[in-house]
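Here is a short briefing on one protein model. Keep the structure open while reading.

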Amino acid sequence: MKIDDIKQVASIGGGVIGSSWTLLFAMRGLKVYQYDINEECIQKCVENIDRNLKSLLEFQAVKEEEIETIKSRISYTTSIAEAVKDAKFIQENGPERLPVKQSILAEIEAAAPVDAIYASSSSGLLISDVTANAVHPERCIGGHPYNPPHLIPLVEITYSEKTDSANVLLAKEFYQSIGKEAVVLNKECPGYIANRLQLAVYREMIDLVMRGICNAEDADKALVYGPGIRWAIFGHNMIMQLGNPGGLKAMMEMLGDGGDVWLADMADWKHMPNKEYGEIAQASVDEMIRNFPDEIGHTNPEIAKYRDKMLIEILKLHHKF
Ligand SMILES: NC(=O)c1ccc[n+]([C@@H]2O[C@H](COP(=O)([O-])OP(=O)(O)OC[C@H]3O[C@@H](n4cnc5c(N)ncnc54)[C@H](O)[C@@H]3O)[C@@H](O)[C@H]2O)c1
């Protein structure tokens, strides 16, 4: 199969991630079949897509006259067979549970064209586990997006030993053709790249708060107005390059063993204190939300809308919109 053969795609599971992928596919001119398990879930998916389109319109990321054309490219169905029968690329966005992913894949394989690419949105499962019982593991990859996929460019591609390397390349080319920044992992690992980087920072943030060094609000502020704002432009290797006229290598030499003192004091625990930290940090986050200016909002949907508006502005600077 060639990239130009991918004109019709399927999105299996239309929750937060599936509805966002579907919107992106339709915005990029593809015909999409959206599957979900029942009419109620389909209705929620339609509402997600309408709400996201409304925000895109409000933030001038789509034009009014494009909206109906985008919507007309999407068909909804409660039959997986109907969704995948003519699809050349299948993005699976079902619940993050291995047996469920495996049974969805079996249903897909029973009806999909044999050369259709299967890509799982899984946030951290190994694609070799998801496809352990697959009839055609050679066409299966992991295609992990960042939420919301219709805005955030990253997709992380993983593959198993049984995946055909031509299909990895094809998936990468396909994602790039719809505006994604695709990275391919050379080896499988739980959590992939981006979520592991995120968790490493979050472990330290939790530790700082739990040790009373700062509160959750100041930890967030230090991240957003310090490294975070630079990371929206360049990755940390490039930031290191810019830290010294001699580049990254000279910067590493300059830092010497100084980082060892910090590392010795930093969090290295292996069990997430989810319950304890949830109790400590929620009150602080609720307080932050109360104190936000009205422009940002005071409820999760209002704040998410503000996030999307800011994301679009940043993406415009990156020439991604
Ligand atoms: N939410 C995130 O931030 C995020 C980010 C990246 C990847 N992911 C991954 O994307 C996938 C979907 O996550 P989500 O946040 O959209 O979850 P969600 O709960 O919002 O959506 C899951 C959807 O799957 C549907 N579903 C349930 N059983 C199904 C079945 N047997 N077959 C097909 N669909 C079924 C549900 O009705 C629902 O619409 C997960 O694998 C998750 O790990 C999530």
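The C-alpha centres of domain 1 and domain 2 lie 30 Å apart. The model is predicted. The domain assignment puts domain 1 at 3-184 and domain 2 at 194-317.

**Domains and their contact**
- How many residues of domain 1 are in contact with domain 2? The count is 16 residues of domain 1, against 11 residues of domain 2.
- Both domains also give residues to the lining of the second largest pocket, so this pocket lies between them.

**The second largest pocket**
- Its volume is about 380 Å³.
- The lining of the second largest pocket holds 17 residues.
- Nearest the centre of the pocket are R51, N52, A304, R307 and D308.
- Three helices each supply at least two lining residues: α1 (16-27), α2 (39-58) and α14 (300-317).
- Which helix gives the most to this lining? That is α2, with six residues.
- Sorted by class, the lining has seven polar, six charged and four nonpolar residues.

**Helix packing: α9 and α13**
- Helix α9 spans residues 216-231, and helix α13 spans residues 274-291.
- Their axes come within 8 Å and cross at roughly 70°.
- Angles of 65 to 115 degrees count as roughly perpendicular, and α9 and α13 are therefore roughly perpendicular to each other.
- On the α9 side, the contact is made by A216, E217 and D220.
- On the α13 side, Y277, A281, S284 and M288 take part.
- By class, the residues of this contact divide into four nonpolar, two charged and one polar.

**Backbone points to check**
- Most residues other than glycine have a negative phi, and most peptide bonds are trans.
- Is the peptide bond from N147 to P148 cis or trans? The bond is cis, with omega near -5°.
- P148 sits in the loop between β6 (140-145) and β7 (154-159).
- Y192 is not a glycine, yet its phi is positive, at about 55°.
- Where does Y192 lie? Y192 is in the loop between β8 (181-184) and α8 (194-210).

**In brief**
- The pocket of about 380 Å³ lies between domain 1 and domain 2, because both contribute to its lining.

Terms used:
Residues are numbered from 1 along each chain as its sequence is written. This is a predicted model: local features need pLDDT of at least 70, side-chain atom pairs count only at pLDDT 80 or more; totals for chains, interfaces and linings use all residues. Side-chain values use heavy atoms; hydrogens and water are left out. On a 1 Å grid over the protein atoms alone, a cavity is a set of points where a 1.4 Å probe fits but cannot get out, and a pocket is an open set with protein on both sides within 12 Å along at least five of seven lines; lining residues have an atom within 4 Å of a point. Grid points are joined across faces, edges and corners, and a volume is the space filled by probe spheres set on the points. Helices (H or I, at least four residues) and strands (E, at least two) are DSSP runs, numbered from the N terminus. Ala, Val, Leu, Ile, Met, Phe, Trp, Tyr, Cys and Pro count as nonpolar, Asp, Glu, Lys and Arg as charged, and the others, Gly among them, as polar. Domain bounds come from an automatic or database domain assignment. Axes are lines fitted to C-alpha atoms, for helices over the stretch in contact, and angles run from 0 to 180 degrees between N-to-C directions. Angles under 35 degrees count as roughly parallel, over 145 as roughly antiparallel, 65 to 115 as roughly perpendicular and the rest as oblique. Contact means heavy atoms within 4.5 Å.
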